[in-house]
Structures are given as C-alpha cells and as structure tokens.
Amino acid sequence: MNKKKKKLILLVVIVGMTVAASIAAFMFFKPHRDVQSARTDLVISANEYLSSADQANEKYLDEAGLSKILEVNGLVHSITEDYNNQMVVLIKSPGADAGVSCTFTIETNASAEALKVGQLVRIKGVIRSGAAYDEDLGLFEHVILDKSDVIK
Amino acid sequence: MAFTKIEDKYVSQKSHIKFHSSTPLEDIEANNYKAVSTVDASTGNVVFSVPMQSFEFEKALMQEHFNGKNFLSTKKNPKAKLIGKITNLGEVDFTKDGTYNGSFSGEMTIKGETQPITADGKITVKEGAFSLESTFDLTLTDYGIAFKKGKPSTNVAKTIEVTLIAEYAKQ
C-alpha cells in the first residue's frame with residue numbers, strides 16, 4: 001500500500017470516528033423534550049377525558065416516555081406545592097371522582113400561582129398516567145400531567 | 001406503649017421518591033414527586049402507588065431507556081405498587097406529636113413482578129398530620145430487570161437505593 005493510500009484510510013477512519021463520537025455525544029447529552037414548545041396532540045376537557053380513563057394509558061402513554069401532550073380544560077380545584085418547589089394545580093369538576101393533577105416547573109410556577117380556585121383554565125402538559133380507581137388505595141387516582149403551563 | 005384507635009385513613013398526595021444507582025463508572029439518580037399513598041392508622045396498612053413515567057432523570061436518553069421495553073416497560077406497567085403493614089403499630093401514636101421508628105413488611109410490585117420487602121422508617125407526627133421517611137434497597141433482577149451486555153450492564157448498579165418521603169393528612 002502506498003503512502004497516499006495509507007493517509008487516505010487514516011483520514012477516513014479519523015473522520016468516521018469523529019462523526020460516531022459526535023453522534024454518541026449528541027444522543028448522550030440530548031436535552032429533555034420541551035413540552036411547552038412542542039405541538040399539542042390533543043385538546044380535551046377534564047370530564048371528557050375522565051370518561052375514557054380506562055384506555056388512557058394504552059392511548060396516550062409512549063414506550064419511551066415521550067407520551068402525548070395534552071391541553072386540558074377544567075375548573076381549578078386546588079393549588080399546592082410539591083417537594084421540588086413545583087406548583088401543582090388540580091383541575092376537577094365539583095362532584096367528579098377524579099381530576100387532572102398538573103405539575104408545573106420552576107419556569108412556569110408563576111402562572112400557576114396567579115390562578116384562583118374555581119377559575120376555568122386550560123393547562124398544557126405531558127401525560128404520565130391516566131386516572132383510575134385503585135382498590136388498594138381505596139381512592140380514585142388523578143390523571144397526571146407534568147411540565148405544565150397555563151394556556152392563555 | 002401507646003395503642004391508637006383511629007379509624008380514619010390518612011392520604012398523601014405530596015411525596016418524593018428518589019432512587020440512586022452507584023457504580024464506579026457512573027452515579028444515576030431519578031426523582032418522582034407524583035406518588036399517592038395511604039396509611040390506615042388503625043390497621044397499619046400502607047399503600048404506595050407510583051406512576052413510573054414521572055421519574056425524572058438528568059439525562060433525557062437515560063429517561064427514555066428507563067421507560068423503554070428493555071428496562072421498566074412503563075407503557076405496559078405504568079404504576080409500581082407497594083402494599084404492606086407497619087409491623088410495630090403499637091409503638092406509633094398517631095395522635096401524639098413526636099418522632100417514631102416504624103418497621104414495614106409487605107410486597108413491592110414493579111414491572112408486573114411482586115417481591116416481599118421489609119423496610120424501616122421514621123414517622124413524624126405533628127398536629128394531627130404526619131410524614132413518613134424511609135430508605136431501602138431494591139435488587140433489579142428480582143423484578144426481571146437484568147442487563148447482560150452493553151453500557152447498562154456496567155453503568156447501572158445491580159442493587160439500587162430508594163429513598164422516600166411522604167406527607168399525610170386525614171382523608
């Protein structure tokens with residue numbers, strides 16, 4: 001093999017390795033999905049959603065956790081804070097068994113804090129789990145939305 | 001020794017569950033703030049329901065792997081469940097402010113696999129409400145989570161440490 005050919009092979013190997021390493025690094029360090037700037041998959045009212053809660057996990061959850069992004073309309077039932085200092089807004093109709101528990105982020109907390117109990121609101125977030133009655137808990141578990149923000 | 005006779009069930013909608021995996025190559029941590037739990041102070045029954053897709057990792061790729069078919073398969077198994085009893089209920093007085101050591105024995109179901117589990121914890125009673133804190137280990141192969149090759153086999157610990165805290169109020 002002549003010197004020129006050897007050099008070319010070396011160059012191809014180096015370029016190849018650099019590309020492979022860049023792709024690997026991109027995959028490894030890729031950022032989390034920005035739920036709020038991503039397209040909404042479905043706009044729905046809390047009541048409408050809950051009537052089909054049994055199929056929700058099958059319909060809306062994704063195998064890699066990149067589950068559907070929903071916008072849910074409903075009444076603010078409570079506003080609390082979790083252990084991560086994120087605001088949690090529960091959308092629930094009076095008399096309903098379960099609601100939609102929407103966890104905000106440090107960046108979106110302010111819009112949750114501005115809400116009032118009883119207010120009609122539309123909240124966008126990624127679904128983590130559907131609602132269902134849990135026999136062991138003896139409770140209805142709410143739909144869970146994460147990375148939420150109020151849609152104005 | 002104080003015996004409680006409270007019929008009421010306590011509910012927690014505020015919790016933090018963290019797991020920590022440590023190997024010489026990498027430390028991995030995930031946090032979940034969406035578990036729901038109940039404690040029946042009269043029977044000692046404890047239930048935790050944990051939505052698996054609410055575990056948050058620092059790295060997006062790790063979170064996707066965690067949810068995927070080869071790891072926790074969270075679309076098929078969206079919730080993990082812990083059911084059991086406080087075994088030294090006589091030593092915990094839910095009506096009196098103070099910190100009590102609690103022992104727990106029960107079953108954990110993850111990815112459809114159920115295994116016996118015991119854990120110790122701390123119950124802090126204050127003004128008619130209380131918090132529960134506990135740390136215990138889980139062996140991943142017990143729940144059908146095993147990696148034979150590739151990065152997960154070297155970078156994910158075989159046994160992970162779980163830390164939980166939950167705040168309860170009367171239902």
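The following questions and answers cover the two chains of a predicted model.

Local features here need pLDDT of at least 70 and side-chain atom pairs count only at pLDDT 80 or more, while totals for chains, interfaces and linings use all residues. Residues are numbered from 1 along each chain as its sequence is written, and chains are lettered from A and ligands numbered from 1 in the order in which they are written.

Biologist: What pattern does chain B follow along the sequence?

Modeller: Helices (H or I, at least four residues) and strands (E, at least two) are DSSP runs, numbered from the N terminus. Chain B has 2 helices and 10 strands. Read along the sequence, the pattern is β-β-β-β-β-α-β-β-β-β-α-β.

Biologist: What is the radius of gyration of chain B?

Modeller: The radius is taken over C-alpha atoms, and the globule rule is 2.2 Å times the number of residues to the power 0.38. The C-alpha trace of chain B spans about 55 × 25 × 25 Å along its principal axes. For 171 residues a compact globule would have a radius of gyration near 16 Å, and chain B agrees with 17 Å.

Biologist: Which percentage of the contacts in chain B with a separation of 6 or more comes from residues 24 or more positions apart?

Modeller: Two residues are in contact if their C-beta atoms, placed from the backbone, lie within 7 Å. Counting the contacts in chain B with a separation of 6 or more, the share from residues 24 or more positions apart is 59%.

Biologist: How many of the 7 residues of β4(B) are buried?

Modeller: A residue is buried if 20 or more other C-beta atoms lie within 10 Å of its own, exposed if 12 or fewer, and partly exposed in between, with C-beta atoms placed from the backbone. Over chain B, 33% of the 171 residues count as buried. β4(B) is largely enclosed by the rest of the structure, because its buried residues number 6 of the 7.

Biologist: Which residue of β6(B) stands opposite B:Phe48?

Modeller: Two strands pair if DSSP finds at least two bridges between them. β4(B) pairs with β3(B) in the antiparallel sense over 4 bridges, and B:Thr38 stands opposite B:Val47 there. β4(B) also pairs with β6(B), antiparallel over 7 bridges. In that pairing, the residue opposite B:Phe48 is B:Leu82.

Biologist: Which residue takes a positive phi in the hairpin of β3(B) and β4(B)?

Modeller: This hairpin has 4 residues between its strands. The positive phi, near 85 degrees, belongs to B:Gly44.

Biologist: How many bridges join β8(B) to β9(B)?

Modeller: β8 (residues 113–126) of chain B is joined to β7 (residues 98–110) by 13 bridges, and these two strands run antiparallel. B:Ile110 stands opposite B:Glu113 in that pair. On β9 (residues 129–139), B:Leu132 stands opposite B:Ile123. β8(B) and β9(B) also run antiparallel, and the number of bridges joining them is 6.

Biologist: Which residue in the turn between β8(B) and β9(B) has a positive phi?

Modeller: The hairpin of β7(B) and β8(B) has 2 residues between the strands, and B:Lys111 takes a positive phi near 55 degrees. The hairpin of β8(B) and β9(B) also has 2 residues between its strands. In its turn, the residue with a positive phi, of about 50 degrees, is B:Glu127.

Biologist: Which element gives the most to the side of chain B that touches chain A?

Modeller: In this interface, 27 residues of chain B are in contact with 28 residues of chain A. The elements that give two or more residues to the chain B side are β1 (9–22), β3 (36–40), β4 (45–51), α1 (60–67) and β6 (79–86). With 5 residues, the element that gives the most is α1(B).

Biologist: Which residues of chain A are in contact with B:Glu64?

Modeller: B:Glu64 is found in helix α1 of chain B and counts as buried because it has 20 C-beta neighbours inside 10 Å. The buried residues of this helix, B:Glu64 among them, pack against β2 (27–32) and β5 (56–57) of chain B. Leaving aside neighbours within four places in sequence, B:Glu64 is in contact with A:Ala64 and A:Gly65.

Biologist: How many residues of α1(A) are buried?

Modeller: Helix α1 (residues 3–29) of chain A reaches 38 Å from its first C-alpha to its last, close to the 39 Å expected. That expected span is 1.5 Å times one less than the number of residues. The helix is hardly covered, and its count of buried residues is 0.
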